[in-house]
Amino acid sequence: MPELHRLATTIETWWPQIHAFLTTGITNAGSEGTNRVIKTVARDAYGFRNPENSGYAPAPPPPTATADTSTPLNFEEPSSARACTGSGR
């Protein structure tokens, strides 16, 4: 089976590192994880150093007109709500 042969080749290639982990329990996973985060942040930031190159249009200006508050508030119940509450109790 080609998959099994490839696995055996990979284990044989990495055997000194695997054996070191099995005997000492020491791993470099923490430093590898930190390096991955640093590289990811650098890649994410790489294209956004220039606002002109970011690909985003500038935000539109905020509206200058104030909201219309001249509409009165209506606190009366709708007629359909009054019809439903009168019966059944």
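The following legends describe views of a predicted model.

**View 1. Overall fold of the protein.** Three helices and zero strands make up the secondary structure of the protein. Read from the N terminus, the elements run α-α-α. The accessible surface of the protein comes to about 9000 Å², and carbon and sulfur atoms account for 61% of this surface. Of the 89 residues, 1% count as buried.

**View 2. Confidence along the chain.** The mean pLDDT of the protein is 78, and 61% of the residues score at least 70. Where pLDDT is low, the predicted coordinates should not be read in detail.

**View 3. Helix H1 and its bend.** Helix H1 covers residues 2–24. H1 has 23 residues and reaches 32 Å from its first C-alpha to its last, close to the 33 Å expected at 1.5 Å a residue. At Trp 15, H1 bends by about 65°. A proline, Pro 16, follows within four residues of the bend. The number of buried residues in H1 is zero, so H1 lies largely in the open.

**View 4. The end of H1.** Leu 22 belongs to helix H1. Just after H1, Gly 25 takes a positive phi of about 80°.

**View 5. Nonpolar surface patch.** Met 1, Leu 4, Leu 7, Ile 11, Trp 15, Phe 21 and Leu 22 make a nonpolar surface patch of about 780 Å². One of these residues, Trp 15, is also where H1 bends. Leu 22, another member of the patch, has a relative accessible area of 58% and is therefore exposed, the cut-off being over 50%. An α-helix has 3.6 residues a turn, so residues three or four places apart point the same way.

Methods:
Residues numbered from 1 in each chain as written. Predicted model: local features only at pLDDT ≥ 70, side-chain atom pairs only at ≥ 80, totals over all residues. Heavy atoms only, no water. Patch = residues over 30% accessible without salt bridge, like charges linked within 9 Å, V, L, I, M, F, W, Y side chains within 5 Å. Areas by Shrake-Rupley, 256 points an atom, 1.4 Å probe, with all protein chains shown as cover. Salt bridge = Lys/Arg side-chain N within 4 Å of Asp/Glu carboxyl O. Helix = DSSP H or I, 4+ residues; strand = E, 2+ residues; numbered from the N terminus. Buried < 20%, exposed > 50% of the residue type's maximum accessible area, 1.4 Å probe, protein only. pLDDT = per-residue confidence, 0-100. Expected span 1.5 Å × (residues − 1). Bend = angle between axes of the 7 residues up to and from the residue.
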